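Thanks for coming. Please have a look at the structure first, and then I will go through a few of its features.

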Amino acid sequence: MDRQAIAGAALFIAVLCVLPIVGVIAAAALGTFDTLAQLADTVLWRYTWSTLVLVLLVASGSIVIGAVTAWLVVTTEFRGRRFLEIALVVPLAFPAYVLAYAYTDVLDHPGIVQSTLRQVMGWGPRDYWFPEIRSLGGAALMLTLVLYPYVYLLTRAAFRMQAATPFYAARSLGTSPTLAFLRVSLPMARPAIAAGALLVVMETIADFGTVAHFSVQTFATGIYTSWFGLADRGAAAQLALGLLTFALLVAALEHINRGSASFATKGRQEGFVRARLTGLQAAGAQLACALPVLLGVVVPTVTLVLMGLRSEQNIFAPRYLAFVQNSLMLAGVAAAVTVTAAVLLGTFHRVFRSRLSLGALFVGRLGYAVPGGVIAVGLLVPFARFDNWFDARMEAWFDISTGLLITGSIWLMIGAYMIRFLAAAIGSYDSGLAGVTPNIDAASRVLGRSAWGTVRDVHLRVLRPSILTALLIVFVDTIKELPATLILRPFNYDTLAVHAFRLASDERLEGAAVPSLMIAGIGLIPVILLCTQIGAMRR
């Protein structure tokens with residue numbers, strides 16, 4: 001593969017990545033506005049309000065939990081700190097909708113908590129008030145419990161690199177530790193917090209499983225309802241365009257707000273010396289760090305295991321094995337395709353170093369800001385038109401009906417996954433590629449290697465850990481992906497995520513526990529690797 005072939009493949013990938021955005025804009029403009037007008041008169045403002053409130057609640061909660069716990073594990077010493085420093089990452093393995101199924105079983109009216117209260121206190125169904133888990137607040141809590149690690153990881157890294165001198169200077173001037181943290185150390189870590197909060201916001205607006213299960217009407221559920229419930233693709237595209245605009249606006253505002261701010265590093269100065277906590281202070285730190293792990297990992301895991309045992313489902317039945325096979329096959333192919341695309345884009349920019357290559361890399365990273373449901377609508381509308389046009393031409397010219405070649409195929413799903421998760425693969429690949437100096441490339445070229453030969457024989461060998469990390473990230477994210485899979489999957493083609501969602505939609509929560517546990521188990525793989533890296537860096 002020569003330079004021209006690499007450039008052509010990279011540009012094709014960039015065009016494919018921008019296609020959903022163009023497709024959504026075109027479908028929204030060409031569709032009628034009758035359904036959208038009806039939605040505006042009824043639920044559109046509710047979609048907008050619920051989405052905004054959900055984003056604010058989840059972002060605020062994630063920032064508070066992530067920043068406070070990161071500060072405690074970096075700057076203080078208390079019993080259990082080493083374990084909790086790693087355990088705080090584990091909730092990343094759980095999709096929010098899995099926690100929603102578990103907590104619904106525990107906290108809903110027939111759940112063990114309310115049933116025990118009624119039995120012990122002798123109350124009737126209308127004799128007491130209990131917080132409703134199926135609510136906007138409940139959805140925000142579920143999302144916060146699984147998304148705060150984004151803020152925690154980045155803020156923890158920022159505090160580890162931060163110079164302790166400004167903090168100790170503030171303490172020497174009589175400022176309390178809490179005020180010194182709030183006024184000095186926390187503002188210095190703002191770029192890291194903002195980056196983590198941006199990831200949280202993107203995941204929140206893209207979520208469908210949690211808000212759908214809790215009957216919270218957001219833009220994500222509105223897209224699905226318009227597509228399947230109202231059978232109006234134009235209205236779905238118009239709602240998708242609104243959600244896409246919101247996502248891109250948040251990313252742009254975060255970039256503008258951060259401006260030229262950068263991470264404050266310690267350089268040659270000393271880092272923080274851990275302050276040993278005792279008594280109530282130690283207990284408070286332990287509680288602050290253990291509570292997110294307890295609520296985000298221990299409670300849902302125990303609940304799902306008990307629910308799965310009550311369901312008496314046979315996970316080795318042919319039907320279940322088909323769900324597992326479909327999920328693993330889709331995730332494996334999507335991971336391979338996505339990482340290959342990331343390698344091509346990275347190589348294109350490394351070889352050419354032009355505005356065009358930089359633009360292609362930017363477009364490749366743009367997919368993470370686009371929710372899965374928006375990508376699905378943006379791909380399905382243009383490809384459905386192409387399939388219908390091609391079928392009509394083939395019937396007119398050769399009297400042959402080709403049917404739907406692309407729409408409803410597995411490859412369209414693979415394309416959606418690639419666009420959605422390409423940014424994660426590019427980030428992992430680029431982080432490793434930064435350690436390969438241009439001199440190595442020059443030496444390879446002097447020895448007769450082509451551009452692709454250098455990638456094949458040098459880069460891929462040196463960057464095996466980074467590539468493996470990218471493969472695992474995309475693999476697990478594909479396993480957990482729900483909205484794009486629901487919209488694009490072929491008829492009667494279910495994955496573990498789809499099967500769990502369908503069972504939960506029918507209120508068969510015990511049945512949904514088994515595929516949910518499988519999804520969480522698979523999600524633990526990259527989290528364990530991440531925890532291993534944290535442990536190695538700590539040593």
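Which residues, by class, make up the lining of the second largest pocket: how many are nonpolar, polar and charged? Before I answer, note that this is a predicted model. The lining has 14 nonpolar residues, along with five polar and two charged ones.

Let me stay with that pocket. Its volume is about 510 Å³, and 21 residues line it. Lying nearest the centre of the pocket are Trp-71, Leu-72, Thr-76, Pro-177 and Thr-178. Several elements each give at least two residues to the lining: the helices α3 (44-75), α8 (165-172), α9 (177-188) and α14 (279-311), and the strand β2 (275-276).

Is Val-298 buried, exposed or partly exposed? Its relative accessible area is 37%, so Val-298 counts as partly exposed, because that class runs between 20% and 50%.

Now the charged side chains. How many salt bridges does the structure hold? There are ten, and I will take three of them.

One joins the side chains of Glu-85 and Arg-156, with 2.9 Å from N to O. This pair links distant parts of the chain: Glu-85 sits in helix α4 (residues 81-87) and Arg-156 in helix α7 (residues 136-161), 71 residues apart. Both Glu-85 and Arg-156 are buried. They are also part of a network of salt bridges, which links them with Glu-77 and Arg-81.

Another is formed by Arg-502 and Asp-494, whose closest N and O atoms are 2.5 Å apart. Are these two partners buried or exposed? Asp-494 counts as buried, because its relative accessibility is 4%, and the limit for buried is under 20%. Arg-502 has a relative accessible area of 38%, so Arg-502 is partly exposed.

The last one I picked is between Asp-506 and Arg-508, where the closest N and O atoms are 3.2 Å apart. Asp-506 is partly exposed because its relative accessibility is 49%. Arg-508, at 47%, is therefore counted as partly exposed too.

Terms used
Residues are numbered from 1 along each chain as its sequence is written. This is a predicted model: local features need pLDDT of at least 70, side-chain atom pairs count only at pLDDT 80 or more; totals for chains, interfaces and linings use all residues. Side-chain values use heavy atoms; hydrogens and water are left out. On a 1 Å grid over the protein atoms alone, a cavity is a set of points where a 1.4 Å probe fits but cannot get out, and a pocket is an open set with protein on both sides within 12 Å along at least five of seven lines; lining residues have an atom within 4 Å of a point. Grid points are joined across faces, edges and corners, and a volume is the space filled by probe spheres set on the points. Helices (H or I, at least four residues) and strands (E, at least two) are DSSP runs, numbered from the N terminus. Ala, Val, Leu, Ile, Met, Phe, Trp, Tyr, Cys and Pro count as nonpolar, Asp, Glu, Lys and Arg as charged, and the others, Gly among them, as polar. Buried means under 20% relative accessible area, exposed over 50%, partly exposed in between (1.4 Å probe, protein chains only). A salt bridge is a side-chain nitrogen of Lys or Arg within 4 Å of a carboxyl oxygen of Asp or Glu.
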